[in-house]
Protein chains: 2
Amino acid sequence: MPHPVAFWFTAGSTYTYLSVQRLEADARAAGVEFSLHPFNLGLLFREAGYWPFPEGAAKTAYMWHDIERQAARMGLSPRLPAPYPAPDVPLANRIAMVMNEDGLGMAWLKASYREWFENGHAPGSDEAVSRSLAAVGADETAVLARANAPETVSAFDAATIEARRRGIFGAPSFVVGDELFWGDDRLDQALALARQG
Amino acid sequence: MPHPVAFWFTAGSTYTYLSVQRLEADARAAGVEFSLHPFNLGLLFREAGYWPFPEGAAKTAYMWHDIERQAARMGLSPRLPAPYPAPDVPLANRIAMVMNEDGLGMAWLKASYREWFENGHAPGSDEAVSRSLAAVGADETAVLARANAPETVSAFDAATIEARRRGIFGAPSFVVGDELFWGDDRLDQALALARQG
């Protein structure tokens, strides 16, 4: 019997865009279930004294070019570079938690990346929040109240503690049993391991 | 007509091990020529205020596990983690330049990674220098004299300036025309583009 894949991400991760575009279809093709786990990667970066894509760095320029190239291979043409870093990624991640409770996690994530990578509205911005929630038919006022409620903040903190415990240090990450795979480039291997069961 | 692939690396890079194991065979299969370009990646890291694999970091533990996993897929079983970081990587890279002049670049690189990842002798250490040069039948005293000569030091500096100019920020990197690919995970795409010509 196949194992599930736990998809650990932050809505503010650039490379996570690629996995969001293909995870549902690829998991279905592999006969594998997946679950969504937003966490506070920015906090783990700060703890590590590290920021992966500083403004003006050669690595940052490459990151946008590489995502564009990988997206083109998938038939996608996002408008890059997108605004980066995003203004309020923790809020976007708590919205992801709430939407996931309602069974709309992937639908909202896709809408969030559509706003960010196609329409230029970064996660956590007023425009991105309004438009991504409207896109999935959610009530913005109600979702924001839940996203800012203490129990959601606590659950988000707990998810980040769990990510740290599992040795997660970047996004997207995929966990199958105790095996960790980092990066969209490892999604196929994660699904293959999950399929083995 | 196929384009050549320029392989930019430092002998002190961990992931470069994977590319060194397969570059010759994969390039041959693709009908593509490649050239070797050692450069001072440590200097570029210092300029960027960044070190990719600090001791004790979750990312560093993952790096060794991921290399082991990728190596296993290639039928290899290196003894990891290997000593890291290596003591005198610039010397190892200047030796790579000298050996490359003599047509022994890849043979020496393979020997260097054998010492590091199988026998535990890090690049630039006395043992690694002696044993890797002996493995390819080179005269250690003569090679060291050339590796430490001003013209080699200058050529190594020039290679690093060229790497910076090309936007290279990590290793292994592969350049086809003006297109940059970073990481062993992009070697196949680099070879495919080169083959198109």
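Q: Which order do the four strands of the open sheet in chain B take?
A: First, a word on terms: strands (E, at least two residues) and helices (H or I, at least four) are DSSP runs, numbered from the N terminus, and two strands pair if DSSP finds at least two bridges between them. In chain B the order is β2-β1-β3-β4, with mixed pairing. This is a predicted model, where local features need pLDDT of at least 70, side-chain atom pairs count only at pLDDT 80 or more, and totals for chains, interfaces and linings use all residues. Residues are numbered from 1 along each chain as its sequence is written, while chains are lettered from A and ligands numbered from 1 in the order in which they are written.

Q: Which strands of chain B stand at the edges?
A: Those are β2 (34–38) and β4 (179–182) of chain B; each has a single partner strand, so one side of each is left without a neighbour in the sheet.

Q: What does the pairing of β3(B) and β4(B) look like?
A: Strand β3 (residues 173–176) of chain B pairs with β4(B) in the antiparallel sense, over four bridges. To find one on screen, pick Ser173(B): its bridge partner in β4(B) is Trp182(B).

Q: Where does helix α9 of chain B lie?
A: Angles here run from 0 to 180 degrees between N-to-C directions, with axes as lines fitted to C-alpha atoms, for helices over the stretch in contact. Contact means that the C-beta atoms of two residues, placed from the backbone, lie within 7 Å. Helix α9 (residues 187–196) of chain B lies across β1 (5–9), β3 and β4 of that chain, at about 15° to β3(B).

Q: Over to chain A: how many helices and strands does the chain have?
A: Chain A has nine helices and four strands. From the N terminus on, they run β-α-β-α-α-α-α-α-α-α-β-β-α.

Q: Is strand β1 of chain A buried or exposed?
A: Count neighbours: a residue is buried if 20 or more other C-beta atoms lie within 10 Å of its own, exposed if 12 or fewer, and partly exposed in between, with C-beta atoms placed from the backbone. In β1 (residues 5–9) of chain A, five of five residues are buried. Val5(A), Phe7(A) and Phe9(A) cover one side, and Ala6(A) and Trp8(A) are buried on the other. Across chain A, buried residues make up 44% of the 197 residues.

Q: Which strands does β1(A) join?
A: Five bridges join β1(A) to the parallel strand β2 (residues 34–38) of chain A, with Phe7(A) opposite Leu36(A). Three bridges join β1(A) to β3 (residues 173–176) of chain A, which runs antiparallel, and there Trp8(A) stands opposite Ser173(A).

Q: How many residues of chain A are in contact with chain B?
A: It's 11 residues of chain A with 11 of chain B. On the chain A side, α3 (58–73) and β4 (179–182) are the elements that give two or more residues, and the largest share, four residues, comes from α3(A).
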